[in-house]
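Open the model in your viewer and keep the selection panel at hand. This tour moves from stop to stop.

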Amino acid sequence: MTSPIAPDLPATGRMPIKPRAGVWRRLFKRPLALIGLVIVAVVVAGAILAPWLTGYDPNEQMFDGLTLEGAPLPPNASFWLGTDLLGRDLLTRILFGARTSLIIGIVANGVALLIGTLVGVTAGYFRGWIGGALMRFTDLMMAFPALLLAICLAAVLQPSLWIVAMVIALVNWVQTARVIYTETSSLAEREFIDAERTIGASAPRILFRHILPHLLPTIIVWGTLGISTTVLLEATLSYLGIGVQPPTASWGNIIFENQTYFQAAPWLVFFPGAAILALALAFNLIGDALRDILDPTQRGRA
Amino acid sequence: MSKGAGNKRTGVFVPAVSVTAGPVLEISGLTVSVRGEDGERPVVSDLSLTLARGETLCIAGESGSGKSMTALAIMQLLPQPAARIESGTIRLRDIDRGGIDLAGLDERRMRRIRGDRIAMIFQEPMTSLNPVLSIGRQLVESIEAHTDLSRADARRRAIEALKAVRIPEAESRLKQFPHELSGGMRQRVMIAMALALKPDVLIADEPTTALDVTVQGEVLELLRDLQREHGTSVILITHDMGVVAEMADRVVIMRHGRMVEEGTAADIFARPQADYTRELLAAVPRIGTGVGRQKSAEQKSVEAEMPGSVAVVNDLHVHFDLRGGFFGQVNRRVHAVEGISFSIAPHETLALVGESGCGKSTTAKALAGLVPYYGDIVIGGRNLAGLGRDQRKAVRRDVQMIFQDPYASLDPRMRVGDLVAEPLLIHGIASKEERSQLVAALFERVGLSADQMELYPHEFSGGQRQRICIARALALKPKLIIADESVSALDVSVQARVLDLLKELQREFGIAYLFISHDMAVVENISDRVAVMYLGQIVEMGTRDQVFSNPRHPYTKRLIEAVPVPDPARRRPRFARLDQEIPSPTRKIGEEPPKLALKDLGNGHLVAVS
């Protein structure tokens with residue numbers, strides 16, 4: 001049946017089915033997504049360019065950074081965001097802290113998301129003993145106090161930023177796996193998945209081409225929620241002496257160091273807190289826009 | 001012929017209440033609009049109709065005709081905040097006094113009218129009953145809400161209502177929950193609930209569409225009887241012209257939110273005025289018209305027995321284990337398919353008919369490799385049981401499936417072009433360039449255009465989507481296509497065109513079909529041979545003529561009899577009711593269902609002997 005019809009259809013040769021193009025362009029067209037992108041870009045640029053942006057060293061305890069009574073300075077002309085209890089410039093510390101926090105919030109959180117999704121999808125689609133074993137393991141991880149596990153892991157291994165990132169990834173995938181599992185198992189019952197199986201689609205094909213795209217909204221939501229939790233988890237670990245060691249700055253440990261002085265020096269908690277909020281919000285905005293852009297059923301509805 | 005003369009009725013249907021008592025409901029100039037992304041769009045435009053006392057008015061039309069929106073507008077239950085009544089009045093009249101305009105009524109007063117004076121029953125009885133409350137409680141509460149009866153009296157009224165809809169052992173049923181009842185029973189409970197308060201008007205929105213055809217017959221007859229007893233006016237909304245012919249005094253045909261035609265049932269069916277009505281009636285499948293295929297049928301039945309069959313199913317069993325008890329051990333088993341055998345020859349259409357739960361879809365799934373089975377499935381001469389994974393995949397290429405719901409069986413996140421190309425890709429057929437040409441050709445073949453390949457499934461209508469599914473099934477040039485209720489979800493006119501397409505494709509490519517349906521009229525139209533299934537077993541099998549003109553098994557007779565005839569002049573005599581529920585295929589472990597033996601009545605006409 002191929003030969004006779006090929007000549008009458010020159011049009012199709014000229015317009016092959018395109019892959020999804022212009023995601024970036026469409027992202028730029030959305031004001032909210034654009035705001036998100038700008039915030040992320042500013043944070044990343046700040047982290048990279050930190051040594052050159054302010055004239056201070058993040059760990060230098062300056063004499064003129066404290067009042068005569070030894071109290072930290074509120075924001076002023078020379079220290080834009082004020083100084084901390086030891087007379088260090090807060091802006092510089094936040095910029096340097098962005099390096100740590102970005103690694104934790106994006107890399108550790110991303111790895112956690114990846115593990116959670118893989119475990120959830122596999123368990124949800126295959127069920128049987130594979131699914132059972134994976135989910136019981138997930139339950140076990142859930143029942144285990146995350147902090148205790150993190151402390152054990154970090155104590156066994158040498159404390160360093162990357163170890164902290166790994167520890168966070170290893171304890172944070174559990175909730176994602178649970179949610180993805182539930183969603184996958186209901187997706188796997190849908191008729192179009194049956195339809196795929198009747199045309200002979202392999203399990204990986206069904207999982208990655210047909211189930212994963214439907215999980216995207218959930219993954220995006222969990223990913224953005226995870227940013228703030230992981231950044232704060234890092235601070236907790238640092239506070240317990242397992243994470244990033246002082247004097248290295250991270251957003252989480254700036255908050256932790258200063259939270260008891262919240263009433264006397266609110267800027268010390270407010271600015272790093274605002275930074276975490278802005279980063280999480282930025283990813284949330286981008287995530288929302290991506291979800292809409294990547295969902296074809298939202299398009300062409302006019 | 002004057003409207004509402006009340007003497008034009010034929011057959012058994014004679015209402016006790018005269019239709020001349022004046023209208024109970026008057027709708028004039030009703031316009032309902034729905035706000036979408038592109039502004040407001042009218043879904044019902046300038047509709048005017050009247051409903052006389054004791055009359056049954058059928059509003060018929062295809063999906064999107066605005067018939068359900070009209071019902072919701074009367075009930076003031078339009079989806080908020082998107083839809084609203086733009087203009088027009090809906091006047092509910094009392095017998096002596098004037099009436100009230102429902103369109104301008106506030107929610108508090110409307111609530112008193114709903115249920116009490118206008119009641120509504122919906123298509124899906126499971127979703128309109130609360131699953132966590134017993135039916136007794138739901139009935140009693142709705143009676144209490146509208147009357148000042150005491151609880152005991154309300155309970156008595158509820159039992160009366162259940163008895164009125166002929167639910168056996170009404171008193172003990174009060175304690176049951178919706179999931180413990182079958183679909184037909186649930187719909188009866190809904191009717192009982194609607195009629196318990198003796199409303200003036202009953203609106204029934206596709207009340208039997210989700211029910212099996214024999215159950216549909218019972219429910220329709222029940223509605224008719226109750227209406228005769230209470231003198232209730234009924235607005236029956238349906239897409240099924242057979243139901244219209246069966247039930248209606250007067251008919252309103254709607255399309256795109258407008259009334260196309262209005263008249264008595266006899267007039268509409270005998271002398272349709274509007275072109276659209278004529279088209280609609282022409283598209284309705286009727287039993288006794290599937291004569292086009294008759295000639296070849298005899299020779300086909302012989303062919304089917306030859307080794308050239310594309311698919312042979314021998315003693316197929318499918319069981320599902322149910323776990324229960326404290327340790328979750330298997331304690332019961334659903335005998336979904338219980339030892340069926342058939343074969344399908346090239347160019348042949350074998351129809352598998354039966355009601356829900358009879359195992360016809362499970363048979364299809366076993367053939368398509370979706371459920372584990374016992375027994376033999378031989379496709380193209382190769383028994384699937386003895387093959388490895390790759391070989392099985394290769395053999396499965398020859399069997400493709402088209403599902404019931406075209407909205408659910410296409411991945412909504414894929415372009416339809418990719419979806420149709422996918423089988424080719426999976427089986428490594430053709431290069432990328434050739435694939436897109438093949439897909440374009442398939443699109444054209446099923447009546448779509450190649451430019452539409454870039455679109456997503458939601459951008460198509462139901463009929464178009466089913467065409468995409470067909471194109472997808474055709475892509476691998478299968479020898480057998482399993483069509484599982486593939487046209488049931490479509491409007492009649494679309495259904496007719498899709499059936500034509502299937503027939504054309506069969507002529508062109510010599511595909512065999514396993515056509516699974518509950519709709520006897522459609523089956524008679526398309527099939528060469530018919531197998532009737534009941535409780536997982538085949539009770540009768542033969543050529544279409546053998547089964548339809550000479551049905552031998554009581555169940556087959558019942559199925560054929562239950563189909564509403566789209567002709568008001570040929571209303572059926574009273575329909576024999578099944579008083580007990582259809583037995584369940586679920587059995588305890590070790591308790592095997594009795595096996596039916598099939599006896600050949602000659603020329604391959606097999607009937608179960610009991």
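How many residues of chain A are in contact with chain B? Select them: 28 residues of chain A are in contact with 37 residues of chain B. Contact means that the C-beta atoms, placed from the backbone, lie within 7 Å.

A word on the model and its labels. It is predicted: local features need pLDDT of at least 70, side-chain atom pairs count only at pLDDT 80 or more, and totals for chains, interfaces and linings use all residues. Residues are numbered from 1 along each chain as its sequence is written, while chains are lettered from A and ligands numbered from 1 in the order in which they are written.

Stay on chain A. Colour α1 (10–14), α8 (191–198) and α9 (203–239) of chain A, the elements that give two or more residues to the side touching chain B. Helices are DSSP runs of H or I, at least four residues; strands are runs of E, at least two; both are numbered from the N terminus. The largest share, six residues, comes from α8(A).

Now go to chain B. Five strands form an open antiparallel sheet there, in the order β15-β14-β11-β12-β21. Strands pair if DSSP finds at least two bridges between them. Select β15 (382–383) and β21 (586–588) of chain B: these are the edge strands, and each pairs on one side only. Zoom in on B:Val334; opposite stands B:Thr586 in β21(B).

Last stop: B:Val532. Among the residues that B:Val532 touches are B:Val353, B:Ile538 and B:Tyr555.

Note on methods: Contact = placed C-beta atoms within 7 Å. Lists of a residue's contacts leave out its neighbours within four places in sequence.
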